[in-house]
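Welcome, and please take a moment to look over the model shown here. A short tour of some of its features comes after it.

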Amino acid sequence: MNELLIRFAVLGFVLFTGAIPELALSAEPRVQILSPQEGTRITQEQNLIFLSGKVARVTGRSTNVDIFLVVDVSGSTAQYSGSDLGDAGQLPDNSGFSGFPTPQIAIGGMGLGRPPMVSLRNSILAAEVAAARRLLAQLNSESTRVGVLAFSEGAKLLQPLTSDFARVRDVLDDILRAGPYGGTNIVEGIRMGITELLGLGTSQKRTDAIKVQFLLTDGFPSLPIGRGKLAAPEDTNLAINAARLAGKAGIKVHVFALGEEALSYPRAAVGIAKESGGTYTPVIRPADALAVIESISVVGVDYVQVVNQTSGQKATQLRLAADGFFSSAVPVIEGRNQIDVYARASDGSNGRDSITVYYQSGTQKSLELEIFLEKERKLQVQIERLGRSPAEIQRDVERNREETQKRPQQIPPPTGGPPP
């Protein structure tokens, strides 16, 4: 679908769905504890209980969320991610690679990027896949759908929006097995994401869902004007214009700029995020995407705290997913326990929900709690492999954001160079 048709589609979407900017719909965060129910009596061996729920800020919409993963598979994603990913994200075993990819693009006659890698298991592409899988592992398939597309020379739909997350994981593994290729056609990736999220492509239409794209890239646009060989400012403008259309349709594009090449000329990544109302996340070491992808909230709530007011203890483990679902392990004492959940929206407003449960020590273990704790342990192991704490990585992201704002954003005029 070309840009003119997308413009008409966006206009129709706005007119017929009444889509208006999110700020006009902002309100205090809605907090809903889903499990356990009010007044539940719990008898188990552990003195922790599993508590889950949902938070959201936007009013007038359902709890449905549609997320499209827009994955860069250009040739430069074969480069080293900066860390040994090991089995992060349970990457496929047969993801070896024996080709010799060259850098994505040439500027001033010099290629950007490091020497080619022999194995893709520690590549930028592997980091993208592992980060996407980590995000997926925390989403709730009851109300969240996920789709996948890849872009290089063009864009290819790999999975329409679906609640079958096992299928999505398989598709992500297939991306890594296929390996990197070609230039970076970001505009086609964004346009295809718009088409699918609006229900104008293969994906089933769902007008009441919050719609977002998660765009992971290690470069900047080099197609279609630059033909994958040059840094053409026109390609950047096309990508930003596509993001502007996404924003008008209520679709935010959250951009993860991975590695030195992407951060060297971030005008496209910054512009895409800004024009669509999304978030720009600059990650100097691509592997660190695993630690920051989960920090993006698509429902406008970025902080949750769970406290047992009876004992004064906070949850020992707490996970807030991008789609607003949260899970936690909360300490309890014998008898009555009042548990409060507090949420803070990105605009600073606050919300709260509370339940009372009754705990008695027993001999049976809570399988639900054990599964949650084991999942948290595995997620922690993934981050430990990076050799840096999430807080350290997040500080780097913030510093990179500040440096980007100070740096001139114009891509230099193309001067030619060898093709990728």
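Predicted model: local features only at pLDDT ≥ 70, side-chain atom pairs only at ≥ 80, totals over all residues.

This report looks at a sheet, the helices around it, and a few local features.

Let us begin with an open sheet of 6 strands, ordered E8-E7-E4-E9-E10-E11, in which the pairing is mixed. At its edges are E8 and strand E11 (280–283), each of which pairs on one side only. On average, neighbouring strands of this sheet are turned by 15 degrees against each other, direction ignored.

Within the sheet, strand E9 (residues 210–217) and strand E10 (residues 251–258) run parallel and are joined by 7 bridges. Here Phe214 stands opposite His254 in E10.

## Helices packed on the sheet

Two helices are worth a look next. H2 lies across E4, E7, E9 and E10, and it runs at about 170 degrees to E4. Helix H4 (residues 186–197) also packs on the sheet, where it touches E4, E7, E8, E9 and E10. The direction of H4 makes about 160 degrees with that of E9.

## Helix H3

Helix H3 (residues 165–178) is made of 14 residues. From its first C-alpha to its last, H3 reaches 20 Å, close to the 20 Å expected at 1.5 Å a residue. Its buried residues are Phe165, Val168, Val171, Leu172, Asp173, Ile175 and Leu176. The cover over these buried residues of H3 includes strand E4 (65–72), helix H2 (124–138), strand E7 (144–151) and strand E8 (155–162).

After H3 comes Gly179, which has a positive phi near 80 degrees. For context, most residues other than glycine have a negative phi.

## Helix H7

Of the 10 residues of helix H7 (residues 267–276), 7 are buried, so the helix is largely enclosed by the rest of the structure. Those buried residues of H7 are Arg267, Ala268, Ala269, Gly271, Ile272, Ala273 and Ser276. They are covered by parts of the structure that include H4, H5, E10 and E11. Just after H7, Gly277 has a positive phi of about 85 degrees.

## Aromatic rings and charges

A search of the whole structure turns up 3 aromatic pairs. One of them is formed by Phe214 and Phe256: the ring centres are 6.0 Å apart and the planes meet at 15 degrees, so the pair is stacked. This pair links distant parts of the chain, with Phe214 in strand E9 and Phe256 in strand E10, 42 residues apart. Phe214 and Phe256 are both buried.

Which residues place a charge over a ring? The charged end of Arg344 sits over the ring of Tyr303, 4.5 Å from its centre. Arg41 lies over the face of Tyr358, at 4.5 Å from the ring centre.

## Cis peptide bonds

Ser35 and Pro36 are joined by a cis peptide bond with omega of about 0 degrees. Pro36 belongs to the loop between strand E1 (30–35) and strand E2 (41–44).

The peptide bond from Leu223 to Pro224 is also cis, and its omega is near 5 degrees. Where is Pro224 found? Pro224 sits in the loop between E9 and helix H5 (233–248).

Methods. Residues numbered from 1 in each chain as written. Heavy atoms only, no water. Helix = DSSP H or I, 4+ residues; strand = E, 2+ residues; numbered from the N terminus. Expected span 1.5 Å × (residues − 1). Buried < 20%, exposed > 50% of the residue type's maximum accessible area, 1.4 Å probe, protein only. Contact = heavy atoms within 4.5 Å. Pairing = 2+ DSSP bridges. Axes fitted to C-alpha atoms, helices over the stretch in contact; angles between N-to-C directions. Phe/Tyr/Trp six-rings, centres within 6.5 Å; stacked < 30°, edge-to-face > 60°. Lys NZ or Arg CZ within 6 Å of the ring centre and 35° of its normal.
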